[in-house]
Amino acid sequence: MFDLVVLNGLVVDSARSSEASLGISGGRVVAVLAPGEAPPARTTIDAKGKIVLPGLVDAHVHFREPGLVHKEDFASGSRAAAAGGVTTVMVMPTDNPMTTTPDLFAEKQALATGKCHVDFALQAGLGPDPQHVRALADLGAVSFEIFMSDLAPPMLTERTHDLLAALAAVRDAAGVAGITPGDDSIVHALTVREQAMGGADRLAFWRTRPTIAEAVGLARACLAVNEIGVRAHIRQVSCAASVEVLRGLAPRTLSAEVTPHNLLLTEHEITRQGPVAKIAPPLRPASDLAAVQAALRSGTIAIVATDHAPHTPAEKQAGDTDIWKAPGGFPGVQTLLPLMLRMIGDGLLTYPELVRTCCEQPAVLFGLAGRKGTLSVGADADLVIVDPGRPFTIRNEDQQSKAGLTPFNGWTAPATPELVLLRGAVVARDGVPEGAASGRFIRPAR
Ligand SMILES: [Zn+2]
């Protein structure tokens, strides 16, 4: 007698899709059964004609708590995740204060506990001073985030010598380094020049983030990771130049991610939507989109992660006449799965590739293999049931994030995520969160 059986769905893993039934007990998948069997269960969900995916794992979200909760908090951010079919999130350290010490890490974990609607892991921030790495690893930090550009000191790691030392500390703690690549000398100089010229048009910020800044930083990161021999993950690869660097220089211990917006939105959206579409790295031309799409399919880029980075509508609208006055970033965790379903509909991705890049690999790369991102026996029963015959439309008014505005407003997908389960319990139905906040803190295996 199972707690729950999900009957006769098309169950997808990273290799194939095949009709099967899932037996779930104690919040875990305990049996994968041939189609047609109707085993005894307390509850049965008929998934005939539906697609059953592992719950998505988003390795890059900013939930803004503590300190910036007017933009987002653990409750609102995780409701957005549940609504969108993301059942595990990894939360970035760039809040106020930044998550950089054992005390701050423990405080953040306590803040999130009891408020999260999906399971969560926490990332630690790492500047040039690596003194807390070991203690943070012991507390369960899922990664150590290093910023080569865009952040201010003391979080900025601009010099290669400091990067090498930080990576060595992460290696010695058996951790994973998350690296936001960039070259601050380029970005800083272009920003000074642009602002001196008074450029405040919609593309002024975009002009200060050329692809060469990302690619040069990425090349330095690849060489440094190879030198140190550390597990490392590159954030937000956005352009063809970076794909070339990865092909030529990435060591085996290095993985990379791309965001849905860098896969799907060109820089024309900045002209069209203004500050709503402001983000770093910025939206790129179609040739860059084609390059990152191909790199995702080939595995050169391992995963999709959203960089869910909410700001309030008022904060964004402040940039309507002066783009510098708007913060960079927009929400993404709720729209990840619909956009991947759109890519499948457009022939840009397959269901097994969706599972590989949005479920399985994000779990494997961050120490959650076998528990998250898979529906094999023993895994947590986190899953999404998709109706492949019912179209879905992304709308601002449906966003659970405090940000409200998504640059994908009005985009459609040919399929609808209709039921989301976390450890065997429903957490969202037809895009609306349901039930109490049952998310748990997840600690990576080392
Ligand atoms: Zn980010």
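Reader: Why does Ala 286 count as exposed?

Author: A residue is exposed if 12 or fewer other C-beta atoms, placed from the backbone, lie within 10 Å of its own, buried if 20 or more do, and partly exposed in between. Ala 286 has 10 such neighbours inside 10 Å, so Ala 286 counts as exposed. Ala 286 belongs to helix H11 (residues 286–298). Helices (H or I, at least four residues) and strands (E, at least two) are DSSP runs, numbered from the N terminus.

Reader: What kind of model is this, and how are residues numbered?

Author: This is a predicted model, where local features need pLDDT of at least 70, side-chain atom pairs count only at pLDDT 80 or more, and totals for chains, interfaces and linings use all residues. Residues are numbered from 1 along each chain as its sequence is written.

Reader: How do you know that strand E2 and strand E3 pair?

Author: Two strands pair if DSSP finds at least two bridges between them. E2 (residues 17–25) and E3 (residues 28–33) are joined by 5 bridges and run antiparallel. Ile 24 stands opposite Val 29 in E3.

Reader: What lies between E2 and E3?

Author: They form a hairpin with 2 residues between them. Gly 26, in the turn, has a positive phi of about 60°.

Reader: What makes E9 and E14 edge strands?

Author: The open sheet has 6 strands in the order E9-E10-E11-E12-E13-E14, with parallel pairing. Strand E9 (124–125) and strand E14 (303–304) each have a single partner strand, so one side of each is left without a neighbour in the sheet. Inside that order, E10 (residues 144–147) and E11 (residues 176–180) pair in the parallel sense over 4 bridges. Phe 144 stands opposite Ala 177 in E11.

Reader: Which residues bring helix H13 and helix H14 into contact?

Author: Residues are in contact if their C-beta atoms, placed from the backbone, lie within 7 Å. Leu 336, Met 340 and Ile 344 in H13 meet Tyr 351, Leu 354 and Cys 358 in H14. By class, this contact has 6 nonpolar, no polar and no charged residues. Nonpolar covers Ala, Val, Leu, Ile, Met, Phe, Trp, Tyr, Cys and Pro; Asp, Glu, Lys and Arg are charged, and the others, Gly among them, are polar.

Reader: Where do the domain bounds come from?

Author: They come from an automatic or database domain assignment. The protein chain is divided into domain 1 (2–52 + 378–433) and domain 2 (55–365). In contact are 35 residues of domain 1 and 41 residues of domain 2. The side of domain 1 that touches domain 2 has 23 nonpolar, 8 polar and 4 charged residues.

Definitions and conventions: Contact = placed C-beta atoms within 7 Å.
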